[in-house]
Each structure stands twice: as C-alpha cells, then as structure tokens.
Amino acid sequence: MTTLVERIALRRAAEVRRGRPRSLKATVVVYVCVLLFAIWVLLPVWYLVVSSLITVAQLGIKPFPIIPSSITLDNYLSVLTGSNGGKGIGSTDLGSRLLPAIGNSFLVSAVLVVFNLVVAGAAAYAMSRYPFRGGRLFELSVIATRVVPAIAIIGPFFVAFRVLGILNTPLALIISYNVFTLPLAIMILKNYFDQLPRELEEAAKIDGASRLLTLWLIIVPIARPGLVAAGVLIFLEAWSEFFYSLVLTNQLTVTPLLAGFQSVQQFNWNALAAATVMSMIPPVVLVLFFQRHVVGALTAGIGK
Amino acid sequence: MAATADLTATLPRADRSFGFRLALPAILILVVLLAIPAILTVIYSMHNVPPSGVSFGAFVGFDNYTLIFSSPVFWRSVSTTAIFAAGFVVFSTLIGLMMALLLNQPFIGRGIARAMLIIPWATPWLVIGILWKWFADGSVGGLNAVLTQLHVIGEYHEFLSDPKLALPLTILATVWRQASFAGILLLAGLQTLPEELSEAAQLDGASVWDRFVHITLPWLRPMLITVIVLNVIYAFLQFDVVFAMTQGGPGDATQVLSILIYRQLFAATHVGVGSALAVVLGVVSLLGGLLVVKLLYRPDVPAT
Amino acid sequence: MGALQAVWSRRLLRGRQGVTDRPDVIWFRFTMEVKMGDKTTGLIPGQIDRRNFLRAGSAAMLGAAFLPGLMSSTAQAAFAGKLSMLGWDFQPDTIKSLISGWTAKGNPAVDVAIIPNLGYSAAIQTRLRGGDKLDLYYNFAYNSQKFVDQGWASKLNGLPDVDKLLGDMFESARARHVNAAGDIISVPYFSAVHMLHYNAKMLQDAGITTVPSTLKEIYDASKKLQAGGLASPYLAYWVKEFCEEYLHTYLLNEGITAFDESGAAVFADDPKTEGVFAWWQQMYQEGLAPKSALTDDPGKESTLMAQGQAAFFVLHHYFLTSIRSIGGPQSANVKSAPIGGSNFTLQIGEVLQMGNISDADEKNAAWDLMKYYGWKDTDGKFTVFNQWAKAAGLAAPYPGFFTDPDVIKAFPDYYDLPQISKIFATGSKVVPARTLPWYPDFQAKVGDIIHALLLGQATPKKTVDDLTAAAKDAASNKTTL
C-alpha cells in the first residue's frame with residue numbers, strides 16, 4: 001500500500017516521462033478506445049436516465065431517442081410524492097415507500113459496516129498476528145463459506161426470526177446479512193493486515209503496551225485505508241442484497257421494492273427508471289468518494 | 001493469503017489465546033449463521049420434507065439426489081450454468097483487462113474515466129437485472145435503438161424472448177458489471193507494475209505485444225487468478241440478475257441452477273429436493289473454484 | 001364461545017343495528033344453521049358431495065334472520081388485538097383505504113402487509129412454513145386447497161352467514177370456493193372472465209364485419225390484420241405462470257373439459273385438443289402473437305393496445321379499464337367481446353383465505369373482515385367491490401353485484417355489464433380441479449410445457465402427452481424437477 005509520499009513521487013516521475021511523445025497513431029487508438037469504453041459504461045446508464053426523464057408516450061417512439069425532444073421531472077415527482085400522476089394504471093404507493101426504503105437500506109448497511117469492521121477486524125487481526133490453534137481451519141472454512149448458495153439456507157433463518165418476533169424489521173436483515181458480509185470482511189482485512197508492516201507493533205510491544213492497547217491505539221489508525229475499503233465493500237454488499245430482504249421482510253429495503261414495482265398490474269417503466277436512478281445514487285456516490293481506498297485495500301498483499 | 005500455520009508453533013500461549021479470544025465473536029457468528037443452516041440444508045436434502053415444514057419428514061437417504069441426477073431438466077440446467085459461467089468469467093476478465101490496460105495509459109480525462117469504471121460495479125445485481133431487462137426490451141429498449149441506428153440489425157428484436165439470445169444477453173448484463181470489478185482490481189495491479197521494467201524492454205526493442213505477454217501478464221498473474229476464482233464462484237451462484245431479467249425463460253434457456261433451486265424450494269415447495277440441489281450447487285462451485293486455482297496457480301513463478 | 005352462541009350474538013348485534021326479519025323465517029334458518037354446523041363432523045366421506053351440498057345450501061337461503069331471545073345472553077366479546085392481513089401489490093392505496101374504512105366502523109385495527117405480485121406464492125409459502133401467523137391473506141385459487149391441507153388456511157364451514165355468502169354467488173363460481181368434500185376453503189377477492197379486447201376501428205378498416213370469437217375466427221382475423229400491415233395483432237399474457245389459465249381458456253373455447261369429476265385429466269381423450277395446441281403454436285410461430293408474449297407484462301400489452309400496435313388482447317375483462325385509462329391514441333377504440341362462440345370461456349377468481357386461527361374472538365373478527373372484503377358490508381352493500389369496480393373494473397361473482405345500482409354507476413360506461421353478467425352466469429366455467437390439493441404441482445409444470453410448444457421444441461401431440469403425464473405425476477404426488 002503506497003503512502004501519500006510515495007504516490008506523489010510516482011506521479012511526478014510519470015509526468016517527467018510523459019514528456020516522451022507518443023506516436024500519433026497510438027494516440028488515436030487510445031482515444032478511440034476511450035470512446036468505446038465510455039459507450040460501454042454509459043450507454044445503459046444513459047438509457048436509464050433518459051427513460052426517467054420522458055413521458056410514457058415518448059417512450060413508444062422508435063427508435064429510442066438518444067437526446068429526447070423534451071424532458072419532464074414528473075416521474076421523479078410521482079415517485080417521491082407517491083401519486084401516479086399522468087397516464088398510468090392503478091394506484092401505487094411506491095413513492096411513499098421508496099424514501100423510507102432507502103433509509104432502511106442505509107440503516108442496515110451502516111450498522112453492518114460498523115459491526116463487521118469490529119468483529120471481522122478483530123478476527124482478521126488475530127488470524128494475521130496471533131494465529132491460534134485451529135486458525136488455519138477457520139481460514140479455510142471462511143473461504144468455503146463463499147460457495148454456500150445463500151438462497152438455500154434461508155429457511156432456518158425465517159423460523160428463528162419468527163420465534164424471536166423480529167421478522168420484517170431491520171434487525172432481521174442485520175443479523176442475516178452477516179452470512180455473506182462477515183466472510184468477505186475477514187478475507188479482505190486479513191489480506192490487508194498481512195502486508196501491514198509489523199515493526200510498529202514490535203516497537204509498541206517493546207515499550208510494554210498491552211496487546212489490546214496496541215491494537216486500538218496504533219494499528220487501527222494505520223489500518224484506516226483498509227478498514228475504509230472493507231467498509232465500502234460491506235456497504236455495497238448489504239445494499240445490493242435482494243433475496244433475503246424479499247423473504248424476510250415486506251419490501252423493507254430498496255431492492256425488493258424495485259423488484260415489486262415490476263408486478264403485474266402496475267406498469268410504468270418511466271417511473272421505475274426514476275426510482276432506479278434514485279436507488280443507484282447512494283452506492284455510486286459512496287464508491288466514487290472512497291475509490292482510492294477501495295482499490296488499494298483490495299489489491300494489498302496480492303502479488304506478494 | 002500469507003501462510004499462518006508456521007507461526008503458530010512459535011507463538012507463546014498467551015498470544016495464541018489472545019488471538020483466539022479476538023476471533024471468537026466471528027467464529028461464533030459464523031457457526032451459528034452459516035454452519036448450522038448449512039448442516040440443516042444437508043439434513044433436509046436427505047429427507048422428504050413436507051411443505052408445511054413442521055417436521056423433517058421421512059428419511060429418504062440419497063433418493064433426492066438420485067432424482068436430481070436422473071432428471072434431464074437438471075442436466076440441461078447444468079449445461080446452461082456452465083455456459084453462463086464460462087461466458088461470464090471469460091468476458092468479464094478479458095474486458096476488464098482491456099479496460100485496465102486502457103485506463104493505465106495517460107490521456108485527458110483519465111480521472112473521470114476511472115470514476116466511470118466504478119459505476120457498473122456499484123450497482124446492485126438486481127438493479128442490473130432490471131436495467132438490462134428494459135435496455136434489451138423489444139419495443140422500448142435502448143439496445144434495439146442503437147443497433148438499428150447502426151444498421152447492425154434491420155428491425156427491433158425481442159432479445160429476451162429469443163431462446164438463442166436470452167442467455168447471451170444475461171451474460172452481457174452480468175459481464176457489464178463484473179468487467180468493472182475485474183478492471184478495478186487489474187488496474188490497481190497494473191499501477192504497481194514498475195515502469196522501469198517496460199521501459200527497459202522497450203529500449204531492448206520488444207514490441208508492444210511482447211511486453212504485454214512477457215511482462216504485464218506475469219505481473220498480473222496473482223491478481224488475475226483472484227479475479228477469475230471470484231468470478232467463477234459469482235457465476236455459479238448468480239441469481240438476482242437472471243431472476244429479474246428472464247426468470248429462467250424463455251422456455252428453459254436461462255434456467256441456471258440457482259433458478260432451479262428457487263423453483264424447487266419456494267415455488268414448488270419441494271424442500272428436500274431443493275436442498276439437495278443447493279448442496280450440489282455448492283459442491284460444484286467449490287470444485288470450480290479449486291479447479292481454476294489448480295490450473296492457474298504456480299507458486300514457483302517469482303513475482304518480480 | 002360456542003358456534004351457535006356466536007351466531008346468535010351476531011344476530012343480536014345486527015338487531016341493534018335495526019335489521020330484523022320474520023320470526024318463522026328465523027326459526028327455519030336457525031334449524032338449518034344447526035344442521036349445517038353439524039355437517040363438518042361425523043360425516044362419512046362421499047355421502048355428501050359438493051353438488052348436493054351446494055343445492056342444500058341455496059335452499060336454506062332466506063334472508064337475514066333474527067333469533068328471538070331464546071338463548072342465554074352473551075354479549076359479543078370484542079377482539080382487542082390487531083388483525084394481520086397479507087396481500088399482493090395491486091393498488092395498495094385502495095386496499096388500505098378499504099380496510100381503514102372497515103376499522104372505522106368500530107372494528108379491530110388491521111395490519112396490512114403488501115408484498116410483490118412476482119413471487120407472491122413463493123413468499124407466502126415461505127412465511128407460512130416459517131410459522132408466520134396471518135389472519136387473512138390473498139391467495140391464488142389453485143393454491144387454496146394445498147394451503148388448507150398444510151394447515152396454513154382454515155376451513156370456513158359453519159361460520160355465520162357463510163352459506164348465505166355462497167348462495168349469493170353464481171352457481172358456476174361456487175366450485176372455486178368449495179371443494180369436493182363440501183368444505184368451504186375461501187371467499188372471493190375478485191372475479192373475472194377472459195374476454196377479447198379488440199380495436200373496433202381496426203377491424204372495421206380491415207373489413208372484418210363480425211368480432212371473432214372462436215379460435216379459428218381469431219386466427220383468420222389476425223392473419224388478415226397482419227397482411228394489412230399490423231406486425232403482431234394478437235396479444236396474450238403467456239408467461240410461464242399464466243399459461244395454465246390460457247390452457248383452460250382455449251380448451252373451454254373449444255368445449256373441451258380438461259379434468260373430469262374425479263380430477264383425472266381427460267383432455268387427451270378429446271380429438272380436438274391437439275388442434276387447440278396446433279392453433280396455439282401457429283399463433284406464436286407465425287408471428288400473429290409477438291415473440292415477447294412469453295415475457296411481457298399485461299401492463300405493457302395494455303399500452304400496446306392503447307398505442308394501436310395490436311388489435312386483439314385476450315385476458316381478464318377488467319383490462320379494458322387499463323387500456324382505456326392509458327389514454328393512448330387508440331384507447332377509445334377498444335371494446336370487449338366474449339370468446340368461445342357457443343362454448344365457454346374461463347372464469348377465474350383470486351381468493352381470500354383465513355389463516356389458522358385458534359382464538360375464537362380473533363377468528364370471528366377475521367371472518368367479519370373477510371365477509372366485508374369478499375362479499376357485502378353489514379349494510380348489505382357491495383362496498384369493497386364497488387371500490388374495485390371503480391378503481392379497476394374488477395368484478396365479483398355475485399349476480400346481485402351486476403344489478404346493484406351503485407356498482408353500475410361505479411363501472412366506467414364502456415363496460416357492458418349485462419353481457420359480463422351473462423358470461424359469468426352461463427358463458428364461463430370455473431375449473432373445479434383447480435382446487436385439488438395436488439393442482440399446484442401440475443400448474444407449475446404447465447408453463448414449461450407450453451413454452452416448449454410455442455418455441456417449436458415440442459409438437460402438439462407431445463404437448464398433450466406431456467401435460468397428461470404432468471397431471472398424473474402431480475396427482476400421484478410424484479416429485480419431478
């Protein structure tokens with residue numbers, strides 16, 4: 001993991017080297033490829049955004065307009081206020097449910113991030129620095145858990161949550177999502193800790209600091225990039241989760257709500273597009289904000 | 001991951017027990033949340049569980065497995081899953097690699113391009129399914145609009161109702177997201193590649209291709225293996241996208257194993273058979289991942 | 001509280017609300033009620049079959065009864081908790097306002113949960129299997145018997161006024177709610193008949209003088225329209241889950257009964273069956289129905305009709321509301337007509353079932369809600385169905401519904417209510433086999449088999465064989481993938 005200083009040095013070196021001219025042919029090739037890349041990434045997104053800004057009638061025009069003749073914010077309004085303004089079929093209270101659903105998704109994901117970072121962080125740190133008997137076995141079983149099809153094991157969860165009376169609450173999701181976030185967090189953090197230099201801990205130990213204190217006061221600040229990255233990944237996984245939320249709750253979070261919007265009687269791709277755009281914003285913004293950390297921690301230790 | 005087994009022996013007992021205590025919460029959670037339901041699933045797979053779920057039902061040994069392995073529906077699903085997985089892994093890795101190579105080149109707007117790379121990855125799988133279902137729609141879809149305007153196809157085509165094209169299209173949708181994931185990881189790997197290496201090779205007269213094959217690829221090997229193994233497992237367990245896009249149809253053109261599990265466990269409520277299918281899928285994913293590791297991993301190749 | 005006392009106290013309450021009746025009627029009704037109440041116990045199976053029961057039930061219908069104070073008085077114990085109700089995502093605003101209207105009349109509060117229509121069956125079975133306690137819930141008719149068998153739904157025998165509710169129904173509809181043993185397993189949520197929505201102007205322009213009604217006529221008319229430039233004139237909702245409804249619709253159109261009295265699949269015996277499947281395959285293969293018919297939503301198909309990109313749409317009668325309210329360029333030209341010629345069309349209805357409730361007060365409260373939601377309110381008005389008629393054109397399987405002046409006002413004027421009522425009464429059939437306990441297993445297979453037919457992967461003959469085999473397997477409880 002390069003520190004800030006090293007990164008600056010590298011960039012400066014690269015800038016110096018950039019003085020070396022690239023052939024015209026190569027430049028053209030690169031920019032054409034960049035254009036293709038942009039189309040690949042943006043075309044579906046563009047379609048989604050445009051769909052959310054036009055009316056139902058405009059949607060029927062063939063071919064689909066890349067630049068629409070007129071745009072409207074009605075779809076966003078109808079999703080936010082819950083009215084089905086315009087020519088749609090039937091009533092929908094999607095609007096009144098979307099914002100609370102986004103809030104619930106946030107709540108569940110945020111709590112999971114904190115919880116997983118603490119628990120997985122501790123476990124990963126232990127596996128890396130204080131390997132215990134059975135640690136190797138634990139490590140292998142963590143990897144093995146990635147291949148368990150989540151949809152198959154949901155039955156026992158349902159029964160347990162019903163007994164506890166927490167069905168259709170965020171708590172049910174917070175507990176059950178650990179099934180896939182915890183192993184992921186452990187794997188990433190262990191990788192990360194493995195390539196964190198041990199000198200600092202050694203120094204602290206010599207100074208007589210207790211193990212727990214070392215962990216808390218020294219390691220955690222240094223490991224911040226890795227923790228942030230793991231946090232982002234956990235957030236994304238929790239935000240994306242669909243099936244568990246579908247079964248264990250009544251469309252409490254965003255994903256089953258969007259899926260339900262495609263139900264039989266209520267058709268309106270434009271409104272659904274608006275809702276989809278709104279539900280894509282939080283994770284995209286979050287990842288963009290933290291992208292440097294994410295990439296760094298994901299790749300830390302690989303190649304060693 | 002770095003080997004931890006060898007350190008165990010040298011660590012004092014106090015340290016080992018500290019490590020164990022740190023990892024204990026994680027161990028407990030995984031045991032309760034994963035191990036128990038997984039074991040229950042295996043038990044279910046050997047019984048004829050009644051839909052009401054009030055009991056395990058009659059013990060039938062391996063009858064459910066026999067039923068599965070003798071069913072042509074199962075084997076068609078296996079081949080569909082295999083094709084899906086192959087397409088998914090190959091194309092997301094290749095396109096990801098191409099994007100990483102491109103984004104490693106200097107050009108104007110590279111920062112924005114790198115941010116754009118992240119967008120597909122930050123999108124939840126379900127949203128990918130919804131988005132591509134409409135993007136590929138036969139009357140209002142953007143894909144048709146683009147292809148007809150580029151004169152690639154003559155008129156609007158119903159991609160998702162065409163049994164020959166439905167599976168490629170689901171592969172395309174999942175690749176759209178996963179290529180970004182691969183791209184991010186591979187780009188990070190590329191950024192650690194020291195420029196001096198390729199510079200030296202260039203001075204020696206090596207062509208672009210030579211440099212790619214003999215320097216870039218070996219450097220990226222560990223990263224590529226990680227990406228491929230993760231993708232293989234993702235591919236086998238993929239559910240959300242297929243569920244949102246085609247539900248396994250048209251006919252059984254996109255009926256991958258996870259959809260089959262869903263149908264048996266939840267639609268037909270044959271819990272025993274569904275659980276057996278889940279066990280089979282889990283084993284297949286594990287074998288797939290192990291196979292890839294075995295084929296590609298060569299620890300004797302030096303990293304520098 | 002005993003069943004009889006419950007009956008009596010309800011009467012008392014109604015009496016307080018000013019509903020009275022003649023004493024001799026009261027006594028007759030009381031004795032019939034007692035006899036009805038005994039029907040669920042101690043009967044030798046087979047001694048009374050569904051037809052007898054239904055006839056007896058309708059004979060007992062004689063209006064509201066008011067029992068004189070012969071029994072000792074017990075005040076009606078009110079249920080103090082909250083009822084829980086589960087429904088799918090169709091106009092949740094309307095559902096909630098209807099329910100709160102009921103609560104406002106002094107009834108218990110209701111927790112209404114809405115889950116997506118897609119995967120509803122799977123989701124509710126998972127919840128019930130996990131032990132979820134629901135007081136009442138929507139269900140698909142073909143699942144209703146299975147749910148009773150699994151202990152997830154209660155039988156409604158002996159509950160106050162249940163026989164009156166059934167008596168109020170079209171005779172053709174009763175078989176949906178009463179199984180072969182005479183048990184009442186559900187009440188209506190809504191009912192509909194499959195009709196042909198067609199664009200009158202397009203037909204006129206193409207020189208088609210009579211609205212097609214048989215399968216052959218529809219084929220010919222579609223061919224003509226296709227030749228005139230309409231790419232895919234015929235629309236239908238042929239997704240896997242729904243193929244089973246069309247299976248019955250098309251078979252009934254040709255006068256073929258799919259299942260006999262004992263639930264055995266007999267369509268293979270009728271030589272016309274293969275022709276139906278050949279027709280179905282032709283419609284798809286020749287492009288008369290669009291390729292996307294296998295995956296399209298009805299909402300999308302309504303839009304296509306409204307935009308004038310198709311001329312025929314066969315689905316439930318209430319989709320006329322959808323097509324018209326979209327307000328597309330061709331919306332106003334779309335009308336509805338019966339199908340099946342001199343034969344029949346399919347009458348469907350989705351149902352309300354009562355969960356497994358042990359507490360008597362809770363059960364009564366839930367039953368009250370079910371009667372309100374699936375029949376009439378305490379003033380004898382079709383309040384709920386009135387709302388559904390206004391909001392979506394849904395129908396109820398009661399003849400009185402179609403002649404109720406409020407309902408007539410509620411339906412948009414482009415509906416021909418007498419025509420629809422006639423179809424309900426004599427032009428349609430409910431398929432009783434759909435309430436057999438093994439039917440869901442058969443239903444799950446139909447989609448796969450029909451899709452294979454339409455995609456050209458199976459011949460009509462093979463389709464007949466496959467469907468017969470699927471029915472046989474389901475009936476013998478054989479599990480197949």
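**Close-up views of a predicted model**

**View 1. Chain C, overall.** Of the 481 residues of chain C, 55% count as buried. The model is predicted. Chain C holds 21 helices and nine strands. Take its contacts between residues at least 6 apart in sequence: 77% of them join residues at least 24 apart.

**View 2. Helix α5 of chain C is mostly covered.** This helix spans residues 120–129 of chain C, and nine of its 10 residues are buried. The buried set opens with Tyr120(C), Ser121(C), Ala123(C), Ile124(C) and Gln125(C) among its members. Thr126(C), Arg127(C), Leu128(C) and Arg129(C) are also buried. What do these buried residues pack against? Partners come from chains A, B and C. Chain A provides α7 (154–164) and α12 (243–248). Chain B provides α12. Within chain C, the partners are the strands β1 (83–88), β2 (110–115) and β3 (136–139). Just after α5(C) comes Gly131(C), with a positive phi of about 90°.

**View 3. Where chain C touches chain B.** Here 24 residues of chain C are in contact with 24 residues of chain B. On the chain C side, α5 and α20 (439–454) each supply at least two residues. By class, that side of chain C has eight nonpolar, 11 polar and five charged residues.

**View 4. Gly248 in a loop of chain B.** Gly248(B) sits in the loop between α11 (240–245) and α12 (257–267) of chain B. Is this glycine buried or exposed? Gly248(B) has 24 C-beta neighbours inside 10 Å, so it counts as buried; the cut-off for buried is 20 or more. Setting aside neighbours within four places in sequence, Gly248(B) is in contact with Val242(B), Thr254(B), Gln255(B) and Ile259(B).

**View 5. Chain A, a chain of helices.** Chain A has 14 helices and zero strands. Its pattern along the sequence is α-α-α-α-α-α-α-α-α-α-α-α-α-α. Buried residues make up 49% of its 304 residues. Among chain A contacts between residues at least 6 apart in sequence, 75% link residues at least 24 apart.

**View 6. Where chain A touches chain B.** In this view, 78 residues of chain A are in contact with 84 residues of chain B. Which helix gives the most to the chain A side? That is helix α2 (residues 24–53), with 13 residues. The chain A side divides into 54 nonpolar, 13 polar and 11 charged residues.

**View 7. Helix α2 of chain A crosses helix α6 of chain B.** The axes of α2(A) and α6(B), the latter covering residues 125–135, come within 10 Å and cross at roughly 80°. Angles of 65 to 115 degrees count as roughly perpendicular. The two helices α2(A) and α6(B) are therefore roughly perpendicular to each other. Which residues meet at this crossing? From α2(A) come Pro44(A), Tyr47(A) and Leu48(A). From α6(B) come Leu131(B), Trp132(B) and Phe135(B). The contact of α2(A) with α6(B) comprises six nonpolar residues, with no polar and no charged ones.

Technical notes
Residues numbered from 1 in each chain as written. Chains lettered and ligands numbered in written order. Predicted model: local features only at pLDDT ≥ 70, side-chain atom pairs only at ≥ 80, totals over all residues. Contact = placed C-beta atoms within 7 Å. Helix = DSSP H or I, 4+ residues; strand = E, 2+ residues; numbered from the N terminus. Nonpolar A, V, L, I, M, F, W, Y, C, P; charged D, E, K, R; others polar. Buried ≥ 20, exposed ≤ 12 C-beta atoms within 10 Å, placed from the backbone. Axes fitted to C-alpha atoms, helices over the stretch in contact; angles between N-to-C directions. Parallel < 35°, antiparallel > 145°, perpendicular 65-115°, else oblique.
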